[in-house]
Amino acid sequence: MAAQKINEAHEHIAKAEKCLKTSLTKWKPDFDSAASEYSKAAVCFKNAKQYEQAKDAYLKEAEYHTENKTLFHAAKAIEQAGMMLKEQKKMPEAIQYIEKACMMYMENGTPDTAAMALDRAGKLIEPINLEKAVDLYQKAAGVFENEDRLRQAVELLGKASRLLVRLRRLDEAAAAVQKEKNMYKEIENFPMCFKKTTAQVLIHLHRGDYVAADKCVRESYSLPGYSGSEDCVAMETLLQGFDEQDEDQVYRVCNSPLLKYMDNDYAKLAISLRVPGGGGKKKKAAAAPQGGASGAPAPAEEEDDYEGGLC
């Protein structure tokens with residue numbers, strides 16, 4: 001089967017070369033037909049799992065589409081060449097081809113196709129290079145933003161923000177989440193603004209910037225429905241716990257379903273949060289006679305659950 005497909009591929013290449021020949025009666029090469037034949041050859045090579053030859057055929061197709069000034073089809077062929085490199089596990093080279101295709105899509109006036117290709121490239125490279133994936137998602141978001149496609153832009157920004165958190169590039173993550181929040185506000189998706197405020201607070205507390213975390217909550221009071229919402233109460237309680245160095249209170253908020261079921265990268269921020277200067281003990285344990293807010297001592301089982309001051 002593979003041998004048959006390889007033979008077919010070489011037949012298409014022979015036809016392509018014939019299309020490119022000129023004579024006394026044929027003054028111009030037939031670039032359109034040559035590109036078509038190389039496209040068919042590439043598919044045959046791909047089906048035979050001859051990915052390097054398939055890549056070369058796609059690049060030839062792209063060359064003749066470019067000669068024919070059909071840039072969109074040239075870009076498509078270059079993107080396919082990138083996918084053949086992906087099949088060979090040559091990811092950095094694959095991404096270079098896909099990025100080149102995206103530039104051509106932009107030049108051709110098809111930015112949506114460019115942004116979607118950048119998104120696909122981000123997904124491909126994410127398992128092996130988070131930094132490059134962030135770059136690609138941010139570029140794709142920028143393309144959609146320029147087209148006023150804010151819903152698509154903010155979704156891609158969200159991917160970049162989560163990866164910045166995973167990379168512990170928290171200053172950049174804080175700025176990225178703020179941009180997300182602004183976009184959600186612009187499209188009037190206020191529940192998502194609430195979630196982004198929670199993400200901001202967690203990031204700022206991990207950065208050691210209580211003032212910035214508090215400011216995020218205060219600024220969010222202007223969002224319709226935020227004041228008194230579950231998200232708002234949780235963040236007020238968390239910040240109060242931090243301010244009073246009450247590790248028990250911080251632990252309860254950080255392990256509440258509201259935070260535990262956030263996107264995984266933010267949930268990890270929550271459960272790994274520590275009260276500065278807490279020394280690994282709960283405030284309530286240190287103030288045993290007073291116990292909880294009601295004045296009653298905390299049950300022994302509860303003391304054991306929180307032993308070690310995890311938050």
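## Close-up views of salt bridges and cores

**View A. Lys195 is partly exposed, with a relative accessible area of 35%.** On this scale, buried means under 20% relative accessible area, exposed over 50%, and partly exposed anything in between, using a 1.4 Å probe and protein chains only. This is a predicted model, so local features need pLDDT of at least 70 and side-chain atom pairs count only at pLDDT 80 or more, while totals for chains, interfaces and linings use all residues. Residues are numbered from 1 along each chain as its sequence is written, and side-chain values use heavy atoms, with hydrogens and water left out. Together Asp231 and Lys195 make a salt bridge (a side-chain nitrogen of Lys or Arg within 4 Å of a carboxyl oxygen of Asp or Glu), and their closest N and O atoms sit 3.0 Å apart. Asp231 is in helix α12 (residues 230-243) and Lys195 in helix α10 (residues 190-206), so the bridge ties together parts 36 residues apart in sequence. Helices (H or I, at least four residues) are DSSP runs, numbered from the N terminus.

**View B. Arg162 pairs up with Asp263 in a salt bridge, the closest N and O atoms being 3.5 Å apart.** This one links distant parts of the chain: Arg162 belongs to helix α8 (residues 150-166), Asp263 to the loop between α14 (257-260) and α15 (264-271), and the two are 101 residues apart. Arg162 is partly exposed at 23% relative accessibility, and Asp263 is partly exposed too, at 38%.

**View C. Asp135 and Lys132 form a salt bridge within a helix.** Their closest N and O atoms are 3.3 Å apart. Both residues belong to helix α7 (residues 130-146), and being three residues apart there means about one helical turn separates them. Asp135 is partly exposed at 26% relative accessibility, as is Lys132 at 23%.

**View D. Glu52, Lys55, Asp56 and Lys90 are joined up in a network of salt bridges.** Across the whole structure, a search turns up 26 salt bridges.

**View E. Ile203 and Leu238 touch the most other members of the largest nonpolar core, which has 73 residues.** A nonpolar core is a set of buried Ala, Val, Leu, Ile, Met, Phe, Trp, Tyr and Cys residues joined through side-chain atoms within 4.5 Å. Setting aside neighbours within four places in sequence, Ile203 is in contact (heavy atoms within 4.5 Å) with Val165, Leu170, Ala173, Ala174, Val177, Tyr266 and Leu269. Another core lies apart from this one and has 20 residues, including Ala9, Cys19, Phe45 and Ala57.
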